[in-house]
Amino acid sequence: MRIVNIMNFVRQIDERFMGSTDVLYETTKRELALINEFGLKATFLLQYDALCDERFVSLFRDNASESIELGIWYEIVEPLTTACDMPYRSERGWKWDWHIVPGFSMAYEPSERERLLDEAMRKFKELFGQYPRSFASWVIDTHTLNYLCEHYDIDYVGICRDQTSTDAYTLVGGYFNGAYYPSKYNMFTPAQTEENQQSVPVFRLLGPCPVHNYDNTKYMSDSMAEAMKKQCFTLEPFWKTGSTPAYVDWFFHTYFDNEDLGFSYAQLGQENSFGRWDFLPALRMQLQKLCGLKHVTVETTAETGARFKRTFDRTPPTAIVADNSWDKEADVQSVYYDSKYYTANLFRYGRTVLLRSLYLFNELVKDRYLCEPCTSFDAVYENLPLVDTLSPSFDSKEKCGLVLCDSADRFTVQKDGQGRLSAVWEGGSITFDEAFLTVSAPVLRFYTGASACVITPEAHALSYQYRGVSYTLLAENADVQEKGDHILILPHNGTCRLIPQCHPYGELA
């Protein structure tokens, strides 16, 4: 399954610039005309304020082809809270505000979240005769997601890619791309058990770059890093990565030609707020290239969500393999492996092969805002860090994370059985299984930096404490020792198994 969704979402007002409603309408009109010209399946998600504007509604009623799906983009706007007899608490007096308070669902009490969602769904059905099958937002709280899945016939839910220090929300350590079945306790965490698994898959939006999305310009060449300041590294046609033809070719090759364990996914499109700048030529370029990908299926988001539910009854292991970078001067490789138990990023910079990130999924670690509203400007969603190299304390590009080899030229990647992926370099290898990792190497060096966790080396494991949760990285068939600025993991006979686990799995200590 190699699938692309073209999804554009539609706001009616953006008070960051004057005359926004006209700009947003004309941008949406041009996006719709472009999609109709190509005859491709696509989804447009309408925010509540757009549903209240007859111009936007008539645009789609009169001009959308049968290939166009309509759904809901869910940010909380003043017309929605007013319809629910609730105040809109924008400190700036705006009717739409991108701050968590008041612009996102977790800013409200659980009972208020239900009223807001019911009104948005009611309005959509009133206009279009049926409830939407697709629903997305940059970030959705778990109570709202559970209520949505239990009361409406939804096939597709979308949230933002992982990001830090961008906008008013931080998402770190999630299922990197594609889709997963979330825990009923935390929408950002894949469920491990059927009992706690929600019935609708959550997809990650924007087509994140598997090389640079995690830590931005850190592993770029100096000249490229300077040129790419203040950029987002996604397929969005507004950004340089999504508007440069050679880079888009690289994205499509990486997503759809390399090993993916049977499922690869990318979302194309752009929010209409970027209509202040003309991104339509870049979107046209992407669609032209997309039409040449005969091995890729273009679907509406609801079709993809329904296909996912038919194909998978639990979160599948998936992979993205970047055998190089669109920054041709950077000597790097990157592999993301995701399962319902963990997400890992294998990375090579120069001759150093390391785990740049490794996060444990625990379905019972609750969303901070499951029962109580977020009261701050921003919101944080994260999973349990085992290896995390985002700390500014990592001033060395080589001595950070879990180093597996410091003398490799390159590694090769291949599928190694159902749901398994192996990377091999001269003198070593790593195999990702759904619940554990097997490493062949003489020694592993773990540079923890200024970790957010409390990490305690034990004889054959690393013990962690984070946010009141206890968990372990078991080093089976290996010894664990502290040595200066790092921790040594010494495999017996050159091979060990790393097992991320809770106590027992799926239960809190």
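Modeller: A pocket, on a 1 Å grid over the protein atoms alone, is an open set of points with protein on both sides within 12 Å along at least five of seven lines, whereas a cavity is a set of points where a 1.4 Å probe fits but cannot get out; lining residues have an atom within 4 Å of a point. Grid points are joined across faces, edges and corners, and a volume is the space filled by probe spheres set on the points. The model is predicted: local features need pLDDT of at least 70 and side-chain atom pairs count only at pLDDT 80 or more, while totals for chains, interfaces and linings use all residues. Residues are numbered from 1 along each chain as its sequence is written, and side-chain values use heavy atoms, with hydrogens and water left out.

Biologist: What volume does the largest pocket have?

Modeller: The volume of the largest pocket is about 620 Å³. Its lining has 37 residues, and Arg161, Thr166, Asp167, Cys232 and Trp239 lie nearest the centre. Strand E6 (163-166) and strand E7 (169-172) are the elements that give two or more residues to this lining; E6 gives the most, with 4 residues. Such strands (E, at least two residues) and helices (H or I, at least four) are DSSP runs, numbered from the N terminus.

Biologist: How do the residues of the lining of the largest pocket divide by class?

Modeller: There are 17 nonpolar, 10 polar and 10 charged residues. Ala, Val, Leu, Ile, Met, Phe, Trp, Tyr, Cys and Pro count as nonpolar, Asp, Glu, Lys and Arg as charged, and the others, Gly among them, as polar. The second largest pocket, of about 230 Å³, is lined by 16 residues, with Phe312, Pro316, Pro317, Gln418 and Gly419 closest to its centre. Its lining divides into 5 nonpolar, 5 polar and 6 charged residues.

Biologist: How many cavities of 30 Å³ or more does a search of the whole structure find?

Modeller: The search finds 5, and the largest cavity holds about 80 Å³ of space. Among the residues that line the largest cavity are Asn177, Tyr255, Phe263, Tyr265 and Asp338. E10 and strand E12 (318-322) each supply at least two lining residues, and the largest share, 3 residues, comes from E12.

Biologist: What makes the aromatic pair of Phe238 and Phe274 one of the 37 found in the whole structure, and which kind of pair is it?

Modeller: Rings of Phe, Tyr and Trp (its six-membered ring) pair if their centres lie within 6.5 Å; planes under 30 degrees apart count as stacked, over 60 as edge-to-face and the rest as tilted. The centres of Phe238 and Phe274 are 4.3 Å apart and the planes make 35°, so the pair is tilted. Phe238 lies in the loop between helix H8 (222-227) and helix H9 (240-243), and Phe274, 36 residues apart from it, in the loop between strand E10 (264-268) and helix H11 (280-291).

Biologist: Is Phe274 called buried or exposed, and why?

Modeller: Buried means under 20% relative accessible area, exposed over 50%, and partly exposed in between (1.4 Å probe, protein chains only). Phe274, at 14%, is therefore buried, whereas Phe238, at 25%, is partly exposed.

Biologist: How do you know that the charged end of Arg55 sits over the ring of Tyr25?

Modeller: A charge sits over a ring if NZ of Lys or CZ of Arg is within 6 Å of the ring centre and within 35 degrees of the ring normal. The charged end of Arg55 is 4.3 Å from the ring centre of Tyr25. Arg92 lies over the face of Trp94, at 3.9 Å from the ring centre.

Biologist: Is Thr300 buried or exposed, and what makes it so?

Modeller: The relative accessible area of Thr300 is 8%, so Thr300 is buried. Thr300 is in the loop between strand E11 (297-299) and helix H12 (301-311). With residues up to four places away in sequence left out, Thr300 touches Asn5, Lys41, Ala42, Thr43, Ser67 and Glu69.

Technical notes
Contact means heavy atoms within 4.5 Å.
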